[in-house]
2 protein chains.
Amino acid sequence: MPAVSNKEIVVLEEESVTLPKGFKAGGMHCGIKRKRLDLGYIVSEVPATVAGVYTTNIFQAAPLLVTQESIAKENKIQAVIVNSGNANACTGEQGLLDAFEMQKGFANELGIEEHLVAVTSTGVIGELLPMDKVKTGINQILQTKYATEDNFKNAILTTDTCIKQVAVQVKINGKTVSIGGAAKGSGMIHPNMATMLGFITTDANIAHEDLHAALKDITNQTFNMITVDGDTSTNDMVLVLANGLAGNEQLTKDHPDWELFKSGLKLVSEELAKKIARDGEGATKLVEVQVNGAYSHEAARALGKSIISSNLVKTAIYGTDPNWGRIVTAIGYSGIPVEPNALKVAIGPYKVFENGLPCPFVEEEVKEYLELETVKIHVELNQGNESATAWGCDLTYDYVKINASYRT
Amino acid sequence: MPAVSNKEIVVLEEESVTLPKGFKAGGMHCGIKRKRLDLGYIVSEVPATVAGVYTTNIFQAAPLLVTQESIAKENKIQAVIVNSGNANACTGEQGLLDAFEMQKGFANELGIEEHLVAVTSTGVIGELLPMDKVKTGINQILQTKYATEDNFKNAILTTDTCIKQVAVQVKINGKTVSIGGAAKGSGMIHPNMATMLGFITTDANIAHEDLHAALKDITNQTFNMITVDGDTSTNDMVLVLANGLAGNEQLTKDHPDWELFKSGLKLVSEELAKKIARDGEGATKLVEVQVNGAYSHEAARALGKSIISSNLVKTAIYGTDPNWGRIVTAIGYSGIPVEPNALKVAIGPYKVFENGLPCPFVEEEVKEYLELETVKIHVELNQGNESATAWGCDLTYDYVKINASYRT
């Protein structure tokens with residue numbers, strides 16, 4: 001997609017975490033995986049203000065504990081080291097030691113304090129990291145030959161079939177501020193958070209507490225609204241690093257350009273979230289559920305998630321079957337009070353349910369719509385003015401194939 | 001399986017709803033489906049005390065509304081008419097009229113009052129019943145040639161691959177009391193209730209309120225603990241008919257044999273529930289999750305359901321992959337507070353997680369265990385004394401195949 005302008009936001013589909021000034025990234029194969037890249041980094045020229053959101057799973061993996069503890073010290077980091085192929089989760093005391101060792105090793109290479117390095121891992125649960133390989137990798141990873149953003153974007157992937165990236169630019173007081181992101185999916189994606197890693201960089205100068213509040217709010221509308229299979233992993237994390245090198249007047253929530261910046265950050269988050277959903281394991285389509293007219297935002301969210309999580313809806317979409325009854329069923333068991341006679345449901349432009357009854361539609365037309373790469377479901381509750389959007393994917397043979405044999 | 005004795009309960013695997021005295025059943029093909037039987041009935045010689053539990057889905061189908069209203073009149077019914085192939089759900093006013101017409105038609109054939117006939121339907125949502133065919137069927141269904149219990153058990157099936165039945169006998173004051181059941185699954189099976197119909201008959205003489213309380217309690221431990229795909233249908237219902245023809249002293253919860261009767265009813269419910277789970281769409285295995293040591297029964301239930309509902313656990317079991325990390329992950333996002341270091345997880349006889357760490361196990365041994373037709377997962381929380389058991393099945397290619405093309 002070419003660069004497009006969205007109000008005052010310039011979207012750059014081909015850019016990512018190194019578009020903002022002062023960020024470098026790289027990646028390499030250190031030997032956790034058989035062949036593919038498995039170790040990556042982002043480094044900022046100067047310490048960056050940081051905000052993070054983390055999985056709600058009780059079994060938070062070791063690197064998440066280390067990263068949260070480090071960030072808590074001064075809400076700044078300067079670098080991220082990430083491995084794929086092994087989640088360093090359910091690995092006990094040794095897992096923690098290993099995460100600290102990754103942090104220390106990369107901090108040494110960079111000559112910075114340890115707590116300025118965030119550590120993240122994704123992959124298989126319950127196996128110790130091959131630390132000899134990881135350490136050797138960390139010793140070499142800053143070499144010029146590994147220093148490409150492409151390497152980074154690839155090094156974070158597991159069962160993903162493609163890299164996920166996007167960047168935007170906005171003007172803050174006449175200064176160009178860039179926000180770039182890269183992410184990985186793709187199984188175990190469910191609110192809240194997933195086997196999902198999101199890395200967002202920006203050269204904005206921004207107050208920590210406002211960055212944190214914005215990320216939390218935006219995550220609830222983007223990363224926490226995607227579902228691949230309803231499982232919530234031990235390792236999910238989204239980090240935003242803001243290094244201030246754009247030289248703008250410090251952004252706070254009272255700044256006149258605050259909403260513009262926040263819209264840019266949301267756009268990056270939403271694009272990454274949708275790319276993760278579209279690349280869900282085995283998925284052939286992105287499914288978007290738009291819920292309008294709810295009495296509360298929470299009700300709209302819950303309803304959207306109920307539909308997007310239904311295996312029966314997901315298989316029907318895979319089979320291009322306009323089986324609206326499954327959508328209505330998922331609405332009915334969502335736990336949200338719904339007035340059946342006020343409910344309207346549409347599949348794309350085709351109304352399928354209204355006034356408590358199915359609407360007549362031409363089966364072949366809706367089938368054809370369901371063959372598109374993006375399928376939209378619209379739900380109007382006529383109960384109030386709140387809305388939410390949820391994203392997911394279809395459930396296919398390949399999902400079963402990938403997950404019946406991921407480990408062995 | 002031959003008849004076996006379980007304390008004082010005789011289990012008869014080959015018997016069903018006509019074992020109890022005074023019950024007849026039958027079924028036929030009336031033309032809703034292309035070929036298979038699609039209309040069935042149970043009739044008692046005399047009005048029977050009845051208890052029912054119904055789906056929690058907001059979009060309760062028309063026959064459920066008619067049946068609940070009828071039962072409310074005097075807590076007695078004498079007959080059940082059931083069709084498969086069309087759920088008569090989301091069918092509005094006409095759907096209600098059709099359900100009433102089925103009730104009236106069968107009541108006329110039997111020469112009994114209309115409110116003594118329960119109506120149930122299962123199948124596709126949102127299409128009107130072909131009432132000409134249904135009415136013609138109801139006019140003929142009492143003919144001797146259709147009057148076999150086998151016909152009934154087949155007429156209630158949809159995507160099921162086999163009939164589900166079991167019966168037990170217990171002695172109450174020296175009188176033999178029989179309890180027989182038949183059920184259908186198999187997609188959209190999830191707590192609470194499912195596209196699941198359960199019909200239980202007994203010749204016990206029993207007080208209505210105690211029968212109702214027992215059914216509710218037992219359903220929460222059996223039918224509401226099974227999951228095939230996490231979807232909860234619009235049509236689920238379990239009915240128990242007790243016609244009193246065994247001639248026992250009336251059972252109430254204060255009767256000395258109350259617990260024995262209740263155990264028998266639970267055994268029938270649990271066997272039917274397990275048979276439904278094992279025959280989940282595309283399933284190759286029954287999965288049983290036993291949770292012990294919870295601080296509350298609700299916590300144990302929620303945890304069991306979280307594991308049994310995980311697509312990642314289900315695909316791993318299909319792939320005979322001892323991927324215990326997915327079990328631990330599902331425990332971690334269940335919403336139930338768990339102390340990781342106190343948790344123990346076993347797959348069958350093989351301990352896989354303890355003291356916050358994976359246990360060493362021989363991969364090939366656990367793989368071999370996972371190839372069995374019944375797979376058990378044991379979770380010990382060490383938080384208290386409460387337990388729960390949940391049942392489900394694996395997630396396979398065939399699940400996707402069946403549900404990507406059910407309607408078209």
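**View 1. Glu114(B) is partly exposed in this predicted model**. The relative accessible area of Glu114(B) is 38%, where buried means under 20%, exposed over 50% and partly exposed in between (1.4 Å probe, protein chains only). Glu114(B) lies in the loop that runs between helix H2 (92-110) and strand S6 (117-124) of chain B. Helices (H or I, at least four residues) and strands (E, at least two) are DSSP runs, numbered from the N terminus. Setting aside neighbours within four places in sequence, the contacts of Glu114(B) are Gln103(B), Lys104(B) and Ala107(B); contact means heavy atoms within 4.5 Å. Gln103(B) is 11 residues from Glu114(B) along the chain, and their C-alpha atoms are separated by 6.2 Å.

This is a predicted model in which local features need pLDDT of at least 70 and side-chain atom pairs count only at pLDDT 80 or more, while totals for chains, interfaces and linings use all residues; side-chain values use heavy atoms, with hydrogens and water left out. Residues are numbered from 1 along each chain as its sequence is written, and chains are lettered from A and ligands numbered from 1 in the order in which they are written.

**View 2. An open sheet of 6 strands in chain B**. The strand order is S14-S13-S12-S15-S11-S16 (chain B), and the pairing is mixed. Strand S14 (357-358) and strand S16 (386-393) of chain B are the edge strands, each pairing on one side only. Two strands pair if DSSP finds at least two bridges between them. Strands of a sheet pair through backbone hydrogen bonds, either parallel or antiparallel. S11(B) and S16(B) are antiparallel and share 7 bridges, and Glu288(B) is placed opposite Trp391(B) in S16(B).

**View 3. Strand S15 (residues 374-380) of chain B, with a covered and an uncovered face**. Val375(B), Ile377(B) and Val379(B) make up the covered face. The uncovered face holds Thr374(B), Lys376(B), His378(B) and Glu380(B). In a regular strand the side chains alternate between the two faces of the sheet. Strand S11 (residues 286-294) of chain B runs parallel to S15(B), joined by 7 bridges; here Val287(B) has Val375(B) as its bridge partner. Strand S12 (residues 344-347) of chain B runs antiparallel to S15(B), with 4 bridges, and Ala346(B) is bridged to His378(B).

**View 4. Strand S11 (residues 286-294) of chain A**. Of the 9 residues in this strand, 8 are buried, so S11(A) is largely enclosed by the rest of the structure. S11(A) pairs over 7 bridges with strand S15 (residues 374-380) of chain A, in the parallel sense, and Val287(A) is opposite Val375(A) there. S11(A) also has 7 bridges to strand S16 (residues 386-393) of chain A, and these two run antiparallel. Val289(A) has Ala390(A) in S16(A) as its bridge partner.

**View 5. Chain A, the setting of S11(A)**. Chain A has 11 helices and 16 strands. Its radius of gyration is 22 Å, close to the 22 Å that the globule rule gives for 408 residues, so chain A is as compact as a globular protein of that length; the radius is taken over C-alpha atoms, and the rule is 2.2 Å times the number of residues to the power 0.38. Along the principal axes, the C-alpha atoms of chain A fill a box of roughly 70 × 55 × 35 Å. Buried residues account for 63% of the 408 residues in chain A.
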